[in-house]
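Subject: Structure for your review

Hello,

The structure is placed below, and my notes on it follow. Please read them with the model open.

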Amino acid sequence: MYAWIWQKLPGAWPFKVLASVVSATALVALLFIVVFPAVEPNLPFNNVTIDETTTTPPAPAPTGSPSKPASPGTAASSPTVIQEGGAPTVGDLIGGQGGSSEGPVGPVTITPAPLPS
Amino acid sequence: MTVVIPVKVTGPNQPARGDRTRRAIGVVGEIFISLGVLLLLLCVYQLWWTNVESARATEVVRSQISNEWSSTPAVVPAAGPKGAKPAPIARPASGKGFAFLYIPRIDDKVWRLPVIQGTTLDVLAEGAGHYASTALPGQIGNFAVAAHRATHNEPFRDIDALKPGDKVYVETKTGWYTYVLDRYKIVKPTDTWVIDPVPGKPNSTPTTALITLTTCNPRWASYERWIWWGHMTSATVKADGPPDGIKANGN
């Protein structure tokens with residue numbers, strides 16, 4: 001393959017070397033500027049946000065909406081907590097063990113702040 | 001073990017089956033080598049180039065925020081006594097930087113880190129992203145931000161080095177807000193309750209100003225999320241100068 005390309009490149013060998021370097025550089029640039037950024041969102045090691053669909057803020061859903069499969073799923077989420085740390089004294093301040101005693105938790109939230117226009 | 005490949009010796013103008021097979025194997029080998037180089041380049045892109053690009057983008061946003069703050073006069077609350085509450089800022093437009101984050105414990109990465117409205121990948125490549133539906137700095141409720149822990153300048157690289165009691169400072173156009181970290185938790189990516197106004201208590205009305213930091217866990221495999229929660233301990237106007245923890249750091 002590469003031998004075939006080498007043969008197809010015109011001119012004497014210094015020009016062939018130059019053409020090879022230029023086209024290889026162009027290829028790498030294309031990868032870095034176009035291909036890799038496009039592929040990146042699908043890679044599994046870059047996600048840092050809660051709920052990957054947060055490009056639009058979750059609208060305040062009506063409380064007690066007909067239970068989607070999300071409700072039992074998130075209600076059972078407490079056992080999946082793997083590790084925990086910090087001062088236990090603030091547990092009541094910020095909600096303890098994922099609110100397992102508070103009924104279903106999940107995307108049904110009340111947002112205090114107005115949504116952006 | 002020795003693999004013997006029968007090779008038929010033929011004349012130059014008489015391409016034989018053996019030559020074709022060898023050429024085919026050569027092409028397949030070259031394709032594999034090319035794929036290997038492609039994957040190596042992807043690693044170079046992720047581990048190095050995204051950091052270079054994000055460092056530059058962060059610097060741009062940083063100066064945008066600074067310019068904006070200095071070009072339009074801040075709403076100064078009536079020359080009040082020390083301890084006057086800073087004026088609230090307007091809800092920023094999506095993709096707009098509106099605050100700086102400072103964490104002394106990990107100050108090589110989080111010092112004057114821009115906080116930008118929204119949590120899209122474009123935003124996270126420039127700094128920390130603010131969950132648009134959550135409270136603004138200093139507001140009652142939960143000021144929740146996300147940032148990369150690996151690649152793209154990895155602001156929260158050392159999130160696991162933080163300890164309860166560590167300070168987190170947020171600077172807006174009008175004020176300085178000091179938060180103290182309370183506890184962390186490792187949760188599933190779908191546990192959206194962690195950024196609720198009162199995390200874990202979906203229906204209660206918030207009474208305190210909280211902060212939530214989210215990033216990926218484990219660092220290179222992000223199938224979980226690392227969450228830090230903290231609460232606000234003080235809010236001061238810009239005129240009073242930065243908090244002691246900022247001055248002491250000397251950065």
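**Core of chain B**

The largest nonpolar core has 52 residues, and those touching the most other members are Leu101(B), Val115(B), Ala128(B), Val145(B) and Trp228(B). A nonpolar core here is a set of buried Ala, Val, Leu, Ile, Met, Phe, Trp, Tyr and Cys residues joined through C-beta atoms within 7 Å. Buried is 20 or more other C-beta atoms within 10 Å of a residue's own, exposed is 12 or fewer, and partly exposed is in between, with C-beta atoms placed from the backbone. Two or more residues of this core come from each of β1 (97-102), β2, α2 (121-124), β4 (141-146), β5 (167-171), β6 (175-187), β7 and β8 of chain B.

This is a predicted model, in which local features need pLDDT of at least 70 and side-chain atom pairs count only at pLDDT 80 or more, while totals for chains, interfaces and linings use all residues. Residues are numbered from 1 along each chain as its sequence is written, and chains are lettered from A and ligands numbered from 1 in the order in which they are written.

Trp228(B) is in contact (C-beta atoms, placed from the backbone, within 7 Å) with Ile159(B), Leu162(B), Leu181(B), Tyr184(B), Thr212(B) and Leu213(B), leaving aside its neighbours within four places in sequence.

**Layout and strands**

Chain B has three helices and eight strands, in the order α-β-β-α-β-β-β-β-β-β-α from the N terminus. Helices (H or I, at least four residues) and strands (E, at least two) are DSSP runs, numbered from the N terminus. Of the 251 residues in chain B, 41% are buried. Among contacts in chain B with a separation of 6 or more, 59% are between residues 24 or more positions apart.

Strand β2(B) is largely enclosed by the rest of the structure, because five of its seven residues are buried. Strands count as paired if DSSP finds at least two bridges between them. β1(B) and β2(B) run antiparallel and are joined by five bridges; Ala99(B) has Val115(B) in β2(B) as its bridge partner. β2(B) and β3 (residues 128-130) of chain B run parallel, with three bridges, and Gln117(B) stands opposite His130(B) in β3(B).

**Backbone points to check**

Most residues other than glycine have a negative phi, and most peptide bonds are trans. The exceptions below may be worth a look.

- Arg112(B), in strand β2 (residues 111-117), has a positive phi near 60 degrees. Arg112(B) is partly exposed, with 17 other C-beta atoms within 10 Å.
- Ser222(B), in the loop between β7 and β8 of chain B, has a positive phi of about 35 degrees. Ser222(B) counts as buried, with 21 C-beta neighbours inside 10 Å.
- Asn217(B) and Pro218(B) are joined by a cis peptide bond, with omega about -10 degrees. Pro218(B) is in the loop between β7 (209-217) and β8 (224-237) of chain B.

**Between the chains**

The axes of α2 (residues 13-39) of chain A and α1(B) come within 11 Å and cross at roughly 65 degrees. That makes the two helices, α2(A) and α1(B), roughly perpendicular, a label for angles of 65 to 115 degrees, with under 35 roughly parallel, over 145 roughly antiparallel and the rest oblique. Axes are lines fitted to C-alpha atoms, for helices over the stretch in contact, and angles run from 0 to 180 degrees between N-to-C directions. The contact involves Val28(A), Leu31(A), Phe32(A) and Phe36(A) of α2(A) and Leu41(B), Leu42(B), Tyr45(B) and Trp49(B) of α1(B).

Regards

Conventions: Contact = placed C-beta atoms within 7 Å.
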